[in-house]
Amino acid sequence: MKHNYIEGEWINALMRAFANLGLDTQKIVKGLAGFENQRFISGHRLDVGSARQMWHRAQEQTHDPLLGLKAGSTLDYRAVGVLTPVIWHSPTVRVALNNIATFQTLISESGAYKITDHPESPRNQLTCEYIPTANVVPVNPHQVLAVVSGTMGILHAISNAEVEVRQLHIPVAYQSSIDNALLEKTLHAQNLHCQVYSTGKYFTLTIPQTHLDTPLLGCDGHLYEINKNYAEELLRSKRASLALIDSIKNIIMTRGFSLANIEDVQAALGLHSRTLQRHLLEQGTSFRKIKEELLKDQAIHLLIGQKISINNAAQKLGYSETSAFHRAFKSWCGMTPKQFCNMRHF
């Protein structure tokens, strides 16, 4: 399905950014489905947990407090396809921000902006909070930093530096991962003048509203409408895809994880086998991939979140033998459950 191509190209742009920073991309994608020769296969779907694992592995390699900023500032934004003309031809910065928030899911399912006006505040400001999607693998702070720094650069560019982010709030929980003083100094060096604070629950951009509604020069309204309509079509397709995948996951959980089969899903959804398989193929996935994604997430949750034993985790997931669980887990994560539990995580 076409909506998967945007996410795929974005992932490959990220892989190039990691490589340019001297990171071992082979280690970053080891055991993750959908990759071939460190490149994500076009048209496939990457689940949220795997996308976040990439960032955690990248952070473990470098320990660079500015990893997210460096990766975000070097990404090729042409990789987001139709979203580039939608953003660059938006009539105002406010509309551009709303388009970023609306279509963010086409780039990544890991999170999205929540935009809030504060007209009653003395400075009449607007805030953009990045809200991570719930998942057993927590969001990596550098993944979010790449997103917010990229957003800052876009606002600076499309407004000809008239709209600047005044403040960047980084959750206190990530203070040890990101050097605020160094980040602020680097942002100023890039002409993205912004104060950086450790506060709150989410990464948040604070933007003055002074020039948000000023018409942007060089915008082509006709080109904007054509591309925005196409982006909306892709978004509807993406939402339908996620709804189908969520329905299948719920059926698998109800039937009993590893015990569930495609016949259970067909019966529950009232679809013929070929029809279901065709729908899933169009979404860049399959019943097997969805089931493995769910089993992997549940396994990580049981081992890391609930800290239960490997044997008990295998039983809860419906494996008759722990050895079978070991083999499955190694195929998902590139290591055994014991090795995974002994690592420093997230």
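The buried residues of helix α8 (residues 180-189) are N180, L183 and L187, where buried means under 20% relative accessible area, exposed over 50% and partly exposed in between, computed with a 1.4 Å probe on protein chains only. These three residues lie on the same side of α8 because they cover an arc of only 60 degrees around the axis, the arc being that of the directions from the helix axis to the C-beta atoms. The model described here is a predicted one, in which local features need pLDDT of at least 70 and side-chain atom pairs count only at pLDDT 80 or more, while totals for chains, interfaces and linings use all residues. Residues are numbered from 1 along each chain as its sequence is written, and side-chain values use heavy atoms, with hydrogens and water left out. Helices (H or I, at least four residues) and strands (E, at least two) are DSSP runs, numbered from the N terminus.

At the start of α8, the backbone nitrogen of A181 has a side-chain oxygen of D179 within 3.2 Å. Just after α8, N191 adopts a positive phi of about 65 degrees.

Helix α6 (residues 93-107) packs with helix α9 (residues 221-255) at an angle of about 35 degrees, and their axes are 8 Å apart. Axes here are lines fitted to C-alpha atoms, for helices over the stretch in contact, and angles run from 0 to 180 degrees between N-to-C directions. The crossing of these two helices, α6 and α9, is left-handed, a term for a near helix turned anticlockwise from the far one by less than a right angle. From α6, the contact (heavy atoms within 4.5 Å) involves V95, N99, T102, F103, T105 and L106.

E232 is partly exposed, with a relative accessible area of 25%. Between the C-alpha atoms of E232 and L192, which are 40 residues apart in sequence, the distance in space is 31 Å.

The loop between α5 (83-88) and α6 holds S90. S90 is buried, its relative accessible area being 0%. The side chain of S90 reaches the backbone oxygen of V86 at 2.6 Å. Leaving aside neighbours within four places in sequence, S90 is in contact with V95, A96, N99, L216, C219 and Y224.

Another serine, S50, lies in helix α3 (residues 48-62). S50 counts as buried, at 2% relative accessibility. Its side chain makes a polar contact with the side chain of K296 at 2.6 Å. A polar contact is a pair of N or O atoms within 3.5 Å; within protein, one must be able to donate a hydrogen and the other to accept it, and residues adjacent in sequence count only if both atoms are side-chain atoms. Not counting residues up to four places away in sequence, S50 touches L32 and K296.

Finally, N124 is found in the loop between β3 (111-118) and β4 (125-132). N124 is partly exposed, with a relative accessible area of 33%. The C-alpha atoms of N124 and I207 are separated by 8.9 Å, although the two residues are 83 residues apart along the chain.
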